[in-house]
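Please look over the sequence and the structure shown here before reading on. The report that follows takes up a few features in turn.

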Amino acid sequence: MASAAIVSSLRRRRSPSLEAFLAPVDLNEVALVRTLLTISMDLILSFSDRPWPFQRKNSRSLIRKIEVFLVLLEFLRDSNSALPSAAVLCFKELYLLLYRSKILLDYCVQSSKLWLLLQNQSISGHFHDLNQEISTLLDVFPMKELELSEDIREQLELLKKQVRRGKLFIDKNDEGLRLRLFSFLDDFGSGRIPDPVELQLFFVDRLGIRDAKSCRAEVEFLEEQIYGHEGDVEPNVAVLNGLVALSRYCRFLLFGFEDGEVEMSIGIKKPRKGLITQEVGDTFITVPQDFCCPISWDVMRDPVIISTGQTYDRTSILRWMEEGHCSCPKTGQMLAHPRLVPNRALRNLITQWCTAYGINLDPPDSPDSAVEIFAAALPTRAAIEANKATAALLVQQLANGSQGAKTVAAREIRLLAKTGKENRAYIAEAGAIPHLLRLLSSPNSVAQENSVTAMLNLSIHDKNKSRIMDEEGCLGLIVKVLIFGHTTEARENAAATLFSLSAVHDYKKRIADECGAVEALAGLLRDGTPRGRKDAVTALFNLSTHTDNCARMVEAGAVTALVGALGIEGVAEEAAGALALIVRRPIGAEAVGKEETAVAGLLGMMRCGTPRGKENAVAALLELCRSGGMATTERVLKAPALAGLLQTLLFTGTKRARRKAASLARVFQRCENAPLHFGGLGVGYAFARNSTTNTDASFSSEVSMQMPISVPVL
């Protein structure tokens, strides 16, 4: 049936309501005819005078067929004659055909021109399928049982003959344009930049893409298809990435930086994502239970299926697994494997439901997000070369453009740097970093935010870290944005940039010694948004792994901020890890020991934290006792419930947590003035004696963190 093919093709753009595929079984004959008449008239009025960029003949042919049915329906409405049961069944099938026609025609109107070209053969096939179904309908339509006028009967007979003879029609001009589009990709793939005159002729004259705004819409539409791509759909992601790169290049080559685009880039903010259930709550709508994650009870943005067959939101189940759980939260069954399978059927239903009730369903922040899908697909030579040419155009604009054009160029570099290490390398090689550096001190908040975020995205590529750090004054300006940035997002992204740069050991000391850097990170950890705190605590953790930074961390107030963060969900684990590193130095242990809430905070982490958080907390207490002297050891020893927490860790903690807990118990037993009575610690001691008690050579090796440096592109 055509419906399945049409829905398969159109599902990523705008899903129709479920009612579109259900015949109106509860309508009587008169109401059914009037309903069909209304739908037919709406279709004809909506699409008769449309300018069809592609599929002109197929679209107009379908509309003419609907016009014939309109004449029939008007006659039946005016005659008020009874309908035989066979005619009623045929009209119910016509109801479905009209809705399928509307979906297909809407798709041809709303889709981007480049996408219509790519899908030219497939969409032509959908029109042919509808034609065949109309033919089948007319073959069984009981014209002889209806008292139709002669002219209407003749029109139906003529239409019946036409659709029976109808063949698949693929417009040769449209197909020629499709092949020409791929020839431009072939040029880039062969290392040649297409002739600008030919690109102008194709995009402007042939496709009618006449300004930067419409070209940007083409790029965004193609990116949307990549986001919703499934493996069996053509063209594949690699080809789509190439077309995105080609379109982006043409956007700047042909249209430059228009004034309207510059104005549009200034002051526009994407709303922060909130819980969907909060939006639903404001509308007094009951959320279907199947749409809610069993862990978070929020509407699922990215539902995935685990090995037991249960569905959860991706972020929630990943957090569950990262905490060391190997079972299904709902059933308790052990997981056969950790793979997560996207539940696209449920996601489509959730999207449809949210659309129906006007609820904003943001794309998921997950490894399946569009950015990660772009990065995961191996880039074709065409995409690489097109993006390289685009980077050169953008850097040229950064160097010589107006202030507004520089702002737009910075934004585009930020976006381009999202999509893979090749782009990050080419942008830096083209000389973008010195020009972005100058925008960091711009009074324009949008320019500053885009430039610092572009720096962040570029810094993810290892070779670019040295380019940024070697650029005179660059580190200082990033820190100034962290302290005095015009927007919250700019300050947060500056912190994330410092975290990214601190992945290189030699840079940790330089960053910590930069005036105001550690103080600003500590302030962001105390007073920032949840995301800002996360950026700050990860940066502080990285800086803590350098032994020479301990005194600087104490002096700048980072210890106080980290201790305060022990009670903040989302950053407590990293804060405990950083403290475990700091207390290895006597000056750090002394500073932590002076914090009144430090021991209580670490004990709270041992009681209620994640498995990694418990590891870090017991490690911090152990190092605090080793480096903080007798008074600090006694203070830790006298903490209430410590014995029970250690005993629990010895039996339920991770391997490293058990080892640290046993070592801490031995420290207490060796303390002559503070005997600690543990019932049943023999297992822990036996475990500890089979492992080394010496600290590792690596300063941070005994602290549990998820740290193969992972910086989100923004």
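Is Arg-77 buried, partly exposed or exposed? In this predicted model, Arg-77 is partly exposed, because its relative accessible area is 28%.

## Salt bridges

Side chains of opposite charge can pair when their charged atoms come close. The count of salt bridges in the model comes to 24, and one of them joins Arg-77 to Asp-78, with the closest N and O atoms 3.1 Å apart. Asp-78 counts as exposed, because its relative accessibility is 53%.

A salt bridge also forms between the side chains of Arg-314 and Asp-302, at 2.7 Å from N to O. Arg-314 belongs to helix H14 (residues 314-322) and Asp-302 to the loop between helix H13 (276-283) and E1, so this pair ties together parts that are 12 residues apart in sequence. Both Arg-314 and Asp-302 are buried.

## A link between distant parts

Glu-449 and Arg-414 form a salt bridge in which the closest N and O atoms are 3.9 Å apart. Glu-449 lies in helix H21 (residues 445-459) and Arg-414 in helix H18 (residues 403-416), and the pair links distant parts of the chain, 35 residues apart. Glu-449 and Arg-414 are both buried.

## The sheet

An open sheet is formed by three strands in the order E2-E1-E3, with antiparallel pairing. Strand E2 (311-313) and strand E3 (341-342) stand at the edges with a single partner strand each, so one side of each has no neighbour in the sheet. Strand E1 (residues 303-305) is joined to E3 by two bridges, and Ile-305 has Val-341 in E3 as its bridge partner.

How values were computed. Residues numbered from 1 in each chain as written. Predicted model: local features only at pLDDT ≥ 70, side-chain atom pairs only at ≥ 80, totals over all residues. Heavy atoms only, no water. Pairing = 2+ DSSP bridges. Helix = DSSP H or I, 4+ residues; strand = E, 2+ residues; numbered from the N terminus. Salt bridge = Lys/Arg side-chain N within 4 Å of Asp/Glu carboxyl O. Buried < 20%, exposed > 50% of the residue type's maximum accessible area, 1.4 Å probe, protein only.
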